[in-house]
Amino acid sequence: MHARKKTEQGMLIVLSGPSGAGKGRVTRLLLETMPELVLSVSVTTRCPRAGEREGADYFFATPEAFDALIETDGFLEHKCVFGQNRYGTPRAFVEEQRALGKDVLLEIDVKGALDVKNRVPDAVMIFLMPPSFAVLESRLRQRGTESDADIAARLDTAREELKSAHLYDYFIINDRLEQAAEETRLAIMAARLQASRRLDVIRAIMEGEKKTC
């Protein structure tokens, strides 16, 4: 495993894809196999549910506090869900963790992911997708929580989201969960080795060469 120097900035890893692609399950496996990752914690205006912890599951905020964060550019992205509760990715939390040399994992929908990419150009973008829309529909139906109309709407959204897949760095098919999680892990490892992220290492080698001349 690559040991990042404390002086190196951590990465922001954005995992997204259509609803039903398996983002949550892949995220859980990643956190088990890569405990060094820090999961991005969202801010929400909804009330805490049983067992949820402040700062671990969400940062809970009043509507007024949420508005204040918007006004002070405190979000990398934010949205309103069903016209009621609002959610946002706090910029300060992500920047603080990256400054400590930690890689931050953000699981988010495609629109939010593209908003984040506009704000953080060096974010590592990973798109997760089932092997076909038939499989995606089957997974949505297996949830048993949505009507036929809701499923049809989600599939239409997924077709539009797939058009943005070329904007991502990595495209992973989630046919088998364990394999998809492993491929995502390998994508993160590959991103860590990009030359643009290893300038400190390159400079150290060059400085060492100068000292031996």
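## Charges and overall dimensions

The mean positions of the 31 positive and 33 negative charges of the chain lie 4 Å apart. Lys and Arg are taken as positive and Asp and Glu as negative, with His and the chain ends not counted; each charge is placed at NZ of Lys, CZ of Arg, CG of Asp or CD of Glu. The model is predicted: local features need pLDDT of at least 70 and side-chain atom pairs pLDDT 80 or more, while totals for chains, interfaces and linings use all residues. Residues are numbered from 1 along each chain as its sequence is written, and side-chain values use heavy atoms, with hydrogens and water left out.

Along the principal axes, the C-alpha atoms fill a box of roughly 70 × 40 × 30 Å. The chain has eight helices and nine strands, defined as DSSP runs numbered from the N terminus (helices: H or I, at least four residues; strands: E, at least two).

## Surface and contacts

The accessible surface of the chain is about 11,900 Å², and 54% of this belongs to carbon and sulfur atoms. Areas come from the Shrake-Rupley method with a 1.4 Å probe; for residues, only the protein chains shown count as cover. Of the 213 residues, 39% count as buried (buried is under 20% relative accessible area, exposed over 50%, partly exposed in between; 1.4 Å probe, protein chains only).

Contact is defined as heavy atoms within 4.5 Å. Among contacts between residues at least 6 apart in sequence, 67% join residues at least 24 apart.

## Helix 4

Helix 4 spans residues 110-119, and its buried residues are Val 110, Gly 112, Ala 113 and Val 116. Viewed down the helix axis, these buried residues fall within an arc of 160°, so they line one face of helix 4; the arc is that of the directions from the helix axis to the C-beta atoms. Lys 111 and Asn 118, on the other side of helix 4, are exposed.

The buried residues of helix 4 pack against strand 1 (12-16), strand 5 (75-81), strand 7 (104-107), strand 8 (124-129) and helix 6 (148-162).

Ser 16 is located in strand 1 and is buried, with a relative accessible area of 0%. Neighbours within four places in sequence aside, its contacts include Val 110 and Ala 113, as well as Ile 126, Phe 127 and Leu 128.

Thr 184 is part of helix 7 (residues 177-192) and counts as buried at 1% relative accessibility. Residues up to four places away in sequence not counted, Thr 184 touches Val 26, Leu 30, Ile 126 and Ile 172. Thr 184 and Asn 174 are ten residues apart in sequence, with a C-alpha to C-alpha separation of 9.9 Å.

## Aromatic pairs

The whole structure holds six aromatic pairs. Rings of Phe, Tyr and Trp (its six-membered ring) pair if their centres lie within 6.5 Å; planes under 30 degrees apart count as stacked, over 60 as edge-to-face and the rest as tilted. The rings of Phe 59 and Phe 93 have centres 5.8 Å apart and planes at 65°, so this pair is edge-to-face. Phe 59 lies in strand 4 (residues 58-60) and Phe 93 in helix 3 (residues 91-99), so the pair ties together parts that are 34 residues apart in sequence. Phe 59 is partly exposed, with a relative accessible area of 23%, whereas Phe 93 is buried at 15%.

For Phe 66 and Phe 75, the ring centres are 4.6 Å apart and the planes at 35°, so the pair is tilted. Phe 66 is buried at a relative accessible area of 0%, and Phe 75 is buried at 4%. Tyr 58, Phe 60 and Tyr 87 form one aromatic cluster.
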